[in-house]
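I opened this entry to record what I looked up, one topic at a time. The notes follow the order in which I went through the model.

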Protein chains: 2
Amino acid sequence: MRDLTWSPSEKVIAKRAFDMALNKELESVMGKVREMAGEIRRPADLWAMEQFLAKCRNEIDDKYDYRYSQLPIIFGRLIREGWLTEDDLSGLGPGKMDYIRTIAKI
Amino acid sequence: MRDLTWSPSEKVIAKRAFDMALNKELESVMGKVREMAGEIRRPADLWAMEQFLAKCRNEIDDKYDYRYSQLPIIFGRLIREGWLTEDDLSGLGPGKMDYIRTIAKI
């Protein structure tokens with residue numbers, strides 16, 4: 001990792017992309033929960049929903065760790081999972097982008 | 001507690017009432033969850049739903065303890081909470097019914 005220093009403009013880009021991905025992912029969970037709720041037929045469906053919510057909460061808590069040292073890894077993962085595109089990070093330094101692309105392909 | 005022995009016919013009545021109350025309560029949770037899902041606007045609503053589900057599961061697990069020694073206490077509580085009526089227990093011996101009524105009024 002070469003350019004771990006984040007310029008003010010990179011910080012703005014990073015924060016916007018981070019928040020955008022988090023909101024997209026949370027919207028997706030909200031949509032999925034509404035869908036699951038419409039399909040509740042048996043008590044087991046309730047406890048499956050509880051487990052799903054706990055899993056989502058834990059995954060999101062673990063993943064969205066806003067430390068600059070972690071951001072390239074997080075952004076790489078978010079691209080891999082489809083929550084961000086490279087365009088959303090346009091403006092970050094080439095060293096960071098190379099590292100993010102590498103992580104995205106893992 | 002006087003007549004803690006359950007006759008075969010009392011066991012049938014108890015099982016039917018127990019299952020009926022449990023089903024009613026589970027149906028109520030399912031209805032409430034469908035309603036909550038329709039009102040999800042923010043991520044916090046998701047985690048509130050997760051907490052609600054966990055609370056319901058724990059309360060239901062604790063409450064519905066099908067041991068004959070516990071049934072009068074459970075039936076009393078279920079009457080107090082509105083999941084059963086005295087009529088649902090019609091056919092149980094007068095000693096049990098007295099005890100159930102006492103618990104129901106606590």
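**A:Glu50 and its contacts**

I began with A:Glu50 and left out residues up to four places away in sequence; A:Glu50 touches B:Glu50, B:Leu53, B:Ala54 and B:Arg57. I note here that the model is a predicted one. A:Glu50 sits in helix α2 of chain A, which covers residues 43-63. Is A:Glu50 buried or exposed? Its relative accessibility is 10%, and because the cut-off for buried is under 20%, A:Glu50 counts as buried.

**Chain A as a whole**

I then looked up the make-up of chain A. Chain A has four helices and zero strands, and along the sequence the pattern reads α-α-α-α. I checked the radius of gyration next: chain A has 17 Å, whereas a compact globule of 106 residues would have a value near 13 Å. The C-alpha trace of chain A spans about 55 × 20 × 20 Å along its principal axes. Of the 106 residues in chain A, 41% are buried. I also looked at contacts in chain A with a separation of 6 or more, and 68% of these are between residues 24 or more positions apart.

**α3 and α4 in chain A**

How do helix α3 (residues 71-81) and helix α4 (residues 94-104) of chain A pack, and at what angle? I found an angle of about 50 degrees, with the axes 7 Å apart. That angle makes α3(A) oblique to α4(A). The crossing in which α3(A) passes α4(A) is right-handed. On the α3(A) side the contact is made by A:Pro72, A:Ile73, A:Phe75, A:Gly76, A:Arg77, A:Ile79 and A:Arg80. On the α4(A) side it is made by A:Tyr99, A:Ile100, A:Ile103 and A:Ala104. I sorted the residues of this contact of α3(A) with α4(A) by type and got eight nonpolar, one polar and two charged.

I then asked which residues of α4(A) are buried. They are A:Gly95, A:Lys96, A:Met97, A:Ile100, A:Ile103 and A:Ala104. These buried residues of α4(A) pack against α1 (8-38) and α3 of chain A.

**α3 and α4 in chain B**

I repeated the look-up in chain B. There α3(B) and α4(B) pack at an angle of about 50 degrees, and their axes are 7 Å apart. This makes α3(B) oblique to α4(B). The crossing of α3(B) and α4(B) is right-handed. From α3(B), I listed B:Pro72, B:Ile73, B:Phe75, B:Gly76, B:Arg77, B:Ile79 and B:Arg80, which meet B:Tyr99, B:Ile100, B:Ile103 and B:Ala104 in α4(B). The residues of this contact of α3(B) with α4(B) divide into eight nonpolar, one polar and two charged.

In helix α4 of chain B (residues 94-104) the buried residues are B:Gly95, B:Lys96, B:Met97, B:Ile100, B:Ile103 and B:Ala104. What covers the buried residues of α4(B) includes α1 (8-38) and α3 (71-81) of chain B.

**α1 and α2 in chain B**

Next I took the pair α1(B) and α2(B), which pack at an angle of about 175 degrees with their axes 11 Å apart. That makes α1(B) roughly antiparallel to α2(B). In α1(B) the residues of the contact are B:Leu22, B:Glu25, B:Leu26, B:Val29, B:Lys32, B:Val33, B:Met36 and B:Ala37. They meet B:Ala48, B:Met49, B:Phe52, B:Leu53, B:Cys56, B:Ile60 and B:Lys63 in α2(B). By type, the residues of the contact of α1(B) with α2(B) are 12 nonpolar, no polar and three charged.

**B:Ala37**

I followed up B:Ala37, which is found in helix α1 of chain B. B:Ala37 is buried, with a relative accessible area of 2%. Which residues is B:Ala37 in contact with, leaving aside its neighbours within four places in sequence? I found A:Val33, A:Arg34, A:Ala37 and B:Met49. B:Ala37 and B:Met49 are 12 residues apart in sequence, and their C-alpha atoms are 8.1 Å apart in space.

**B:Pro43**

Last, I looked up B:Pro43, which lies in helix α2 of chain B (residues 43-63). B:Pro43 is partly exposed, with a relative accessible area of 27%. Leaving aside neighbours within four places in sequence, I found B:Pro43 in contact with A:Leu26 and A:Met30.

Terms used
Residues numbered from 1 in each chain as written. Chains lettered and ligands numbered in written order. Predicted model: local features only at pLDDT ≥ 70, side-chain atom pairs only at ≥ 80, totals over all residues. Heavy atoms only, no water. Axes fitted to C-alpha atoms, helices over the stretch in contact; angles between N-to-C directions. Helix = DSSP H or I, 4+ residues; strand = E, 2+ residues; numbered from the N terminus. Parallel < 35°, antiparallel > 145°, perpendicular 65-115°, else oblique. Left-handed = near helix turned anticlockwise from the far one by under 90°. Contact = heavy atoms within 4.5 Å. Nonpolar A, V, L, I, M, F, W, Y, C, P; charged D, E, K, R; others polar. Rg over C-alpha atoms; globule rule 2.2 N^0.38 Å. Buried < 20%, exposed > 50% of the residue type's maximum accessible area, 1.4 Å probe, protein only.
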